[in-house]
Amino acid sequence: MDITKAKLDLLDMTLPAAIALDFGGARHTAYAEHCAARGTPVTIVDANIPRVPIAPSITVVRGNFADAGFLRGAVKPAELGIMYDILLHQYGPLDTLRLMLAYASDAVCIGQPCLSPARSSPEESMVFLPAVPLHRQADLVPRFQDGIYGDKGFFQPDAYTCAQWLWGIPPALLRCWVEREGWTIAAERTVPYSPGWVWWGCYATR
Ligand SMILES: C[S@@+](CC[C@H](N)C(=O)[O-])C[C@H]1O[C@@H](n2cnc3c(N)ncnc32)[C@H](O)[C@@H]1O
C-alpha cells in the first residue's frame with residue numbers, strides 16, 4: 001500500500017461528512033477533492049493557497065492553524081478534521097494537535113511520516129530534528145531527499161520554520177496523544193517510508 005492510498009482509505013472510513021476541515025491541505029489538494037467528490041464540502045486551512053483549480057465545494061482559508069486566535073476568527077468546527085503530514089512541521093505539535101482536535105466534532109484522520117518504532121527508544125521519545133548534529137544526520141534523513149544536502153544538513157539548526165521537518169515522532173506517541181485527548185482510534189495504517197521512518201496514520205472518533 002502506498003501513502004496516498006492509506007490516506008484515502010482512512011478518509012473513506014468516515015465519508016461522507018456534513019463538512020470537513022483539511023488542515024494543511026493546500027499543497028496536495030487530492031484529499032479535499034476526494035471529500036468533495038464524495039459529497040463533503042471542505043474548508044482547507046493553510047498558510048498557502050492551492051496552485052491548481054479546486055472544486056466549487058472547497059473553500060480555502062489562508063493563515064496559521066497553530067494560532068488559536070486566528071482559528072477562532074477564521075473557521076467553525078466541522079464534523080471531520082483532516083491532519084495529514086503537518087504535525088512534524090509544527091513548533092509545538094502536541095499543542096497544535098490539541099487545537100485542531102477541538103475543531104473536529106465527530107471524526108479525524110491523522111497521519112504523517114513517523115520515526116520507525118524499531119529505532120525509537122523504549123520510552124517512545126520524539127526527536128527535535130534540527131538538534132541532530134550534521135555528522136549524525138545521515139541515517140535519519142529521509143531517502144527521498146537523496147542524503148544530506150548543502151553544508152547545513154537536512155535538519156537545519158538555524159532556519160527552522162513550519163515548512164521544514166522539525167520532529168521525528170514515533171507512532172506510539174502520536175497514538176497516545178490522540179487517545180489522551182479523548183478520541184478512540186478506530187483504524188490505523190502503517191506504510192514503509194524510508195529507512196528509519198514509517199508513514200503512520202489513523203482514523204479516530206470521539
Ligand atoms: C507537507 S504539506 C502536506 C499536504 C497534504 N496535507 C498532504 O498530506 O499531502 C504541509 C502543508 O501544511 C501547510 N502548513 C504547515 N504548517 C502550517 C501552519 N502552522 N499553518 C498553516 N499551514 C501550515 C503547508 O503550507 C503545506 O501546504
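The model is predicted: local features require pLDDT of at least 70, side-chain atom pairs count only at pLDDT 80 or more, and totals for chains, interfaces and linings use all residues. Residues are numbered from 1 along each chain as its sequence is written.

I begin with the overall fold. The chain contains five helices and nine strands; helices (H or I, at least four residues) and strands (E, at least two) are DSSP runs, numbered from the N terminus. The radius of gyration, taken over C-alpha atoms, is 17 Å, close to the 17 Å that the globule rule gives for 206 residues, so the chain is as compact as a globular protein of that length. That rule is 2.2 Å times the number of residues to the power 0.38. Along its principal axes, the C-alpha trace spans about 50 × 35 × 30 Å.

I turn to helix H1. Which residues of H1 (residues 3-12) are buried? They are Ala6, Lys7, Leu10 and Leu11. These four cover an arc of only 135° around the axis, which puts them on the same side of H1. The arc is that of the directions from the helix axis to the C-beta atoms. A residue is buried if 20 or more other C-beta atoms lie within 10 Å of its own, exposed if 12 or fewer, and partly exposed in between, with C-beta atoms placed from the backbone.

Finally, the backbone. A cis peptide bond, with omega about -5°, joins leucine 15 and proline 16. Proline 16 sits in the loop between H1 and strand S1 (20-23). Aspartate 85, in the loop between S4 and helix H4 (93-101), has a positive phi near 60°. With 19 C-beta neighbours inside 10 Å, aspartate 85 counts as partly exposed.
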